Amino acid sequence: MAKNLVIVESPAKAKTIEKFLGKDFKVTSSFGHIADLPSRELGVDVEKDFKPKYVVDKEKKALVKKLKEMAKSSDTVWLASDEDREGEAIAWHLAETLKLDKDKTKRIVFNSITKSAILKAIENPRTIDYNLVNAQQARRVLDRLVGYEISPILWKKIKTGLSAGRVQSVAVRLIVEREREIQGFVPEASYRVAAEFVTKEGKVFKAKLQNTFNSKEAAGKFLQKNIAADFSVSDLDTRPAKKSPAAPFTTSTLQQEASRKLYFSVSKTMRMAQRLYEAGLITYMRTDSTNLSSEAVKAAKEEIVRSYGEKYSKPRNYATKAKGAQEAHEAIRPTNMAVHDLKDVERDMARLYELIWKRTIASQMSEAQLERTNVKIQANKHDELFLASGEVLKFDGFLKVYLEGTDDEDEEQEGMLPALTVGEYVDKKYMSATQRYTRPPYRYTEASLVKKLEELGIGRPSTYAPTISTIQTRGYVERGMVEGVERKYVQLMLLQDSVKEEVYAEKVGSDKGKLVPTDIGMIVNDFLVNHFSSILDYNFTAKVEEDFDNIASGGEDWTKMMKDFYEDFHPNVKNVEEHAERETGERVLGEDPESGRQVSVRLGKFGPMAQIGTSEEEEKPRFASLLPDQSIETLTLEEALSLFELPRVLGVYEGEEVAVNVGRFGPYVRFGKSFVSLGKDDEVFDVTMDRAIELIKEKQKADAPIASYQGKEVTKGKGRFGPFIKWDGKFINVNKKYDFDNLSDEDIVALIEDKIKKDAEKLISYWEEEDIKLEKGRWGTSTITKGKKKINLPKTVDATKLTLEQVKEIIEKETKTKKKTTKKTTKSKK
DNA sequence: CAGTGAGCGAGCTTCCGCTTGACTT
């Protein structure tokens with residue numbers, strides 16, 4: 001056994017560091033935190049100085065045992081977790097949980113993984129910083145109290161299973177408030193005038209009128225004035241300008257840029273980055289720092305000089321601007337600057353790598369030098385001025401490699417202007433006045449939400465992606481299907497000496513994939529903002545972070561901070577629990593003209609619904625679910641009433657009744673006893689008998705067997721894990737190599753035989769009379785299958801040696817604790 | 001799985017941050 005044991009947080013990091021240290025050092029990892037509050041209870045003794053109860057997670061027990069043994073046989077244990085709050089707490093938990101001897105334990109930190117940084121760290125060990133640990137405990141306990149005291153209030157007042165938290169609830173609030181701004185937005189139209197001019201040499205350029213007009217008449221009148229007018233250059237101004245490169249990537253800027261340029265979701269970016277990191281190709285991907293190690297700056301410089309020449313190099317350091325940044329790591333950069341792109345890896349990994357390489361290299365390159373020209377064009381028949389501007393690139397600098405993307409969809413690229421002189425006459429080619437509308441604010445994308453959260457100092461690099469998925473799995477937010485609507489606009493065009501009017505159409509408000517709040521999201525948000533305004537305050541995190549900082553520097557006692565917070569917080573929770581009304585988001589829309597009863601809309605047991613009548617009346621109320629694209633907040637009386645016309649019976653087809661309705665899974669056509677979901681473009685109230693029959697036929701075709709193999713039918717479908725074919729009860733994934741819509745018979749046979757072969761290779765034992773299968777898994781684990789039940793065995797079990805009796809025992813044990821896992825699977829189905 | 005929406009009550013849900021691993025329908 002080695003004399004020295006170094007414990008870091010990540011196994012990939014351990015692997016790298018071990019190479020730098022001699023053979024006297026064994027490097028291993030803790031896989032993040034090893035101890036935490038228990039998940040099933042509060043785990044904080046609020047009566048006794050908020051003493052936390054720490055437990056080792058079930059899945060970490062084996063790891064802790066292994067670490068203990070390794071520590072025991074080493075002379076010195078080096079706790080090398082990250083240099084921030086969480087890292088310090090990890091070191092402390094390791095020291096406590098592994099019961100490390102103080103005299104043989106040393107705490108070291110480094111924020112770049114280079115040989116010199118690590119050797120320097122080893123020479124300068126310190127002890128655990130308990131102030132920093134206490135700051136972490138304060139953060140942890142505060143989050144626990146907020147989350148675990150407010151969530152149960154939501155179960156009681158709105159719906160079970162809901163959640164609230166310091167981070168997620170503010171994220172939802174941002175999205176809800178943005179949506180309301182959009183709903184309340186009234187677009188204003190104005191006419192903008194644009195023109196194209198031609199120089200004597202025949203060079204064309206575009207110009208815009210400074211003024212806009214707010215009516216068609218005024219715009220038309222202005223165009224008339226330009227008939228047979230003379231135009232000349234009245235002013236010309238040229239000045240140098242420069243552009244600087246953006247800082248190297250942090251987690252947040254990587255997510256934004258991958259979203260803008262590669263259309264990756266936040267979680268996809270992190271998945272790809274994780275794999276690049278594990279392959280040793282990039283530095284750590286969860287960071288809030290824009291800092292590069294001096295080695296990296298030097299390597300970038302060498303690569304730039306080699307590839308582009310000396311004048312393109314300009315080494316720089318970037319100050320991190322994110323609020324509350326902890327800077328435990330470097331910026332995200334390639335580990336080897338000489339590798340410009342990757343071959344032999346998955347395409348999307350290579351694309352992300354290239355983005356990281358370009359951004360890093362560009363950040364160490366010279367500014368781009370530009371010449372910006374602004375020109376004014378005057379007319380002899382009126383006083384309005386046309387403006388034209390252009391840019392000429394004098395030296396490309398960093399632009400040779402990379403330019404950061406923008407979130408502004410309207411931004412126009414400025415082109416070049418022809419050479420012009422003051423007083424020169426130009427000819428009008430055309431002039432137009434186009435009706436333009438002001439725009440509502442943009443809905444958030446996953447990445448722009450991350451950007452906003454980071455600006456507010458809310459959340460950490462390791463939680464951005466999980467937070468976005470939490471607010472979606474809780475049903476507060478959806479990725480939008482908002483199709484947008486057509487809007488007409490007018491364009492007046494002056495070509496020679498007459499003004500012509502044309503009407504065009506544009507699509508507005510199309511927001512596919514953007515984040516849109518659900519009814520539940522809005523109701524929960526309003527409830528929280530009303531009753532827990534201080535927690536929902538956009539500055540709450542910033543305020544408590546100040547306290548955490550004071551605790552970290554030893555200026556404040558963490559239990560005192562908790563006490564101050566809890567003194568106000570807890571009585572408020574109790575008060576809301578007792579006095580707040582149940583929240584359903586109910587809106588009364590008016591009266592049903594037929595019965596005169598009240599029509600309302602609210603959140604019901606099974607989701608948003610409309611209701612005719614009230615429960616106080618003698619006659620029972622009538623209920624109807626809302627359509628998937630409708631919402632409580634915007635539903636009109638007419639829309640509500642039409643919901644009660646369902647189900648619509650369309651007629652009879654092949655002796656069975658055909659009807660349209662809305663159910664648990666959205667709108668559908670019922671045909672006898674079978675159901676067909678409506679297509680995306682179908683409207684429940686518009687579907688005709690012909691369309692319904694078409695849908696039924698499509699469904700029958702899709703369900704029909706596509707082939708048969710060994711006398712058993714083969715069908716196909718699309719599941720959670722992509723397209724598959726099904727044969728003999730087996731699901732066989734069809735990967736992209738095959739054309740799923742046109743599978744040939746040979747493809748099908750190949751897929752099935754391949755599956756049979758692979759299953760046979762996996763099979764260890766099969767007890768036919770008991771219907772129990774024992775199979776090898778892909779990661780050294782094994783699986784027991786009994787009928788439809790599946791049990792995964794831990795890696796430590798050698799499945800090849802199991803007997804039928806032992807297997808039966810395992811199944812029995814598993815069945816007892818089964819309850820929990822079944823619930824989990826039904827949830828993940830959603 | 002696609003009709004529900006009363007009221008009761010058992011047993012459950014939930015946070016944020018640090019990490020990787022799980023291999024399915």
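These are my notebook entries on a few features I looked up in this structure, which is a predicted model.

**Entry 1: the annotated region**

I began with the record. UniProt, in an unreviewed entry, carries the annotation "domain: Toprim" for residues 3-113. I then looked at the make-up of that stretch: over residues 3-113 the chain is 32% helix and 23% strand. The end C-alpha atoms of the stretch are 22 Å apart.

**Entry 2: an open sheet**

Next I traced a sheet. It is open, has four strands and runs in the order S2-S1-S7-S8, with parallel pairing. Which strands stand at the edges? I found S2 (25-29) and S8 (105-107) there; each has a single partner strand, so one side of each is left without a neighbour in the sheet. On average, neighbouring strands of this sheet are turned by 20° against each other, direction ignored.

I also followed one pairing in detail. Strand S1, residues 4-8, and strand S7, residues 76-79, pair in the parallel sense over four bridges. If you want a place to start looking, Asn-4 stands opposite Thr-76 in S7.

For contrast in direction, I turned to S16 (residues 485-494) and S17 (residues 499-508), which pair in the antiparallel sense over 10 bridges.

**Entry 3: aromatic pairs**

I looked up the aromatic pairs and found 17 in the structure. I picked out Tyr-54 and Trp-92, an edge-to-face pair with 5.9 Å centre to centre and 85° between the planes. This pair links distant parts of the chain, 38 residues apart. Tyr-54 lies in the loop between strand S5 (51-52) and strand S6 (55-56), while Trp-92 sits in helix H3 (residues 85-97).

**Entry 4: the second largest pocket**

My last stop was the second largest pocket, with a volume of about 660 Å³. Of the 27 residues that line this pocket, I noted the closest to its centre: Ser-259, Asp-407, Thr-445, Ser-448 and Lys-514.

Which helix gives the largest share of the lining? It is H12, with six residues. Helix H8 (251-262) and helix H12 (446-455) each supply at least two residues of the lining. Sorting the lining by kind, I wrote down 13 charged, eight polar and six nonpolar residues.

How values were computed: Residues numbered from 1 in each chain as written. Chains lettered and ligands numbered in written order. Predicted model: local features only at pLDDT ≥ 70, side-chain atom pairs only at ≥ 80, totals over all residues. Heavy atoms only, no water. Pairing = 2+ DSSP bridges. Axes fitted to C-alpha atoms, helices over the stretch in contact; angles between N-to-C directions. UniProt positions renumbered as here; feature names shortened; annotations may be inferred. 1 Å grid on protein atoms, 1.4 Å probe; cavity = no way out; pocket = protein on both sides within 12 Å on 5 of 7 lines; lining within 4 Å. Points joined across faces, edges and corners; volume = space filled by probe spheres on them. Nonpolar A, V, L, I, M, F, W, Y, C, P; charged D, E, K, R; others polar. Phe/Tyr/Trp six-rings, centres within 6.5 Å; stacked < 30°, edge-to-face > 60°.
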